[in-house]
Amino acid sequence: MESTRPTVTMLPLTSTNEAALFHWRNWLSDFTSDQILEIATQQIAWRKDSIKMFGKTIQIPRLQNWFSESGQSYTYSRLSLPGLEYPEWMNNLSQDVKKTTQNDFNGILVNYYRNGSDSMGWHADDENSLGSKPAVASVSLGAERNFQLRHKGTKDRVNIPLSHGSLLLMCPGIQEYWQHRIAKTKDFLKPRISLTFRKLVN
Ligand SMILES: O=C(O)CCC(=O)C(=O)O
Ligand SMILES: [Mn+2]
């Protein structure tokens, strides 16, 4: 990791409260980012999962998998992903993420967006298993995609382009008041992988 300074955006939560969104733009060098992108693309057993929404089974528009330090599984939208063991490169990356963000994480949800048609809809990372005020960090690799945030009440929007080798940290409180997404785009785009760091409680 390189020691770049983060850009800090203060996101209003309530009229009296705010929480920080930290963005390290070139957190990893291009060389390291290329290496991790290659190894993650090749070595992760990418799952094509389906979830049930409004009684219908829908294939999620991306590939994914879940890694856990303690082998805990991760459940969202009633889909349960068994916790895989971190490979060595992921363990090293995790140490660096913890050091830079000064947060503790014990699991990583990895997402693979094959092209601009792959996406993730509006949601918050607010599963009970993450506790009440989780911090969530993510490392982005590959094609640049827009990370959009929308306040649940005011509908205010914030847009952060996430480039190859960037690190993002959503501080505690953001999941309660804001949603985020990676929208579909008609632009021809190469693949993107995100590794999203979470802490499962108990
Ligand atoms: O791909 C991203 O940057 C966002 C991923 C995300 O929001 C999630 O995994 O919950
Ligand atoms: Mn999320």
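The legends below walk through close-up views of a predicted model.

**View 1. Three protein side chains hold the manganese ion (ligand 2)****.** The donors are His123 (NE2), Asp125 (OD) and His180 (NE2), placed 2.1 to 2.3 Å from the metal. Along the chain, these donor residues follow the spacing H-x1-D-x54-H. His123 belongs to strand 9 (residues 120-123) and His180 to strand 14 (residues 178-182), so the pair links distant parts of the chain, 57 residues apart. Both His123 and His180 are buried.

**View 2. Helix 1 has a buried side and an exposed side****.** Helix 1 runs over residues 30-43, and its 14 residues reach 20 Å from first C-alpha to last, close to the 20 Å expected at 1.5 Å a residue. Which residues of helix 1 are buried? They are Ser33, Ile36 and Ala40. Seen down the helix axis, these buried residues fall within an arc of 70°, so they line one face of helix 1. An α-helix has 3.6 residues a turn, so residues three or four places apart point the same way.

View 3. Phe54 is found in the loop between strand 3 (50-53) and strand 4 (56-59). With a relative accessible area of 80%, Phe54 is exposed.

**View 4. Glu144 and Arg25 pair up in a salt bridge****.** Their closest N and O atoms are 3.7 Å apart. Glu144 lies in the loop between strand 10 (136-142) and strand 11 (145-151), and Arg25 in the loop between strand 2 (18-24) and helix 1, so the pair ties together parts that are 119 residues apart in sequence. Glu144 is partly exposed at 42% relative accessible area, and Arg25 is partly exposed at 41%.

**View 5. Lys133 reaches Glu176 through a salt bridge****.** Here the closest N and O atoms are 2.7 Å apart. Lys133 is in the loop between strand 9 and strand 10, while Glu176 is in helix 3 (residues 174-177), so this pair ties together parts 43 residues apart in sequence. Lys133 is partly exposed, with a relative accessible area of 49%, and Glu176 is partly exposed at 39%.

**View 6. Arg47 forms a salt bridge with Asp49****.** The closest N and O atoms of this pair are 2.8 Å apart. Arg47 is partly exposed, at 25% relative accessible area, whereas Asp49 is buried, at 7%.

Notes: Residues numbered from 1 in each chain as written. Chains lettered and ligands numbered in written order. Heavy atoms only, no water. Helix = DSSP H or I, 4+ residues; strand = E, 2+ residues; numbered from the N terminus. Buried < 20%, exposed > 50% of the residue type's maximum accessible area, 1.4 Å probe, protein only. Donors = N, O, S within 2.8 Å, 3.2 Å for Na, K, Ca; no water. Expected span 1.5 Å × (residues − 1). Arc of directions from axis to C-beta. Salt bridge = Lys/Arg side-chain N within 4 Å of Asp/Glu carboxyl O.
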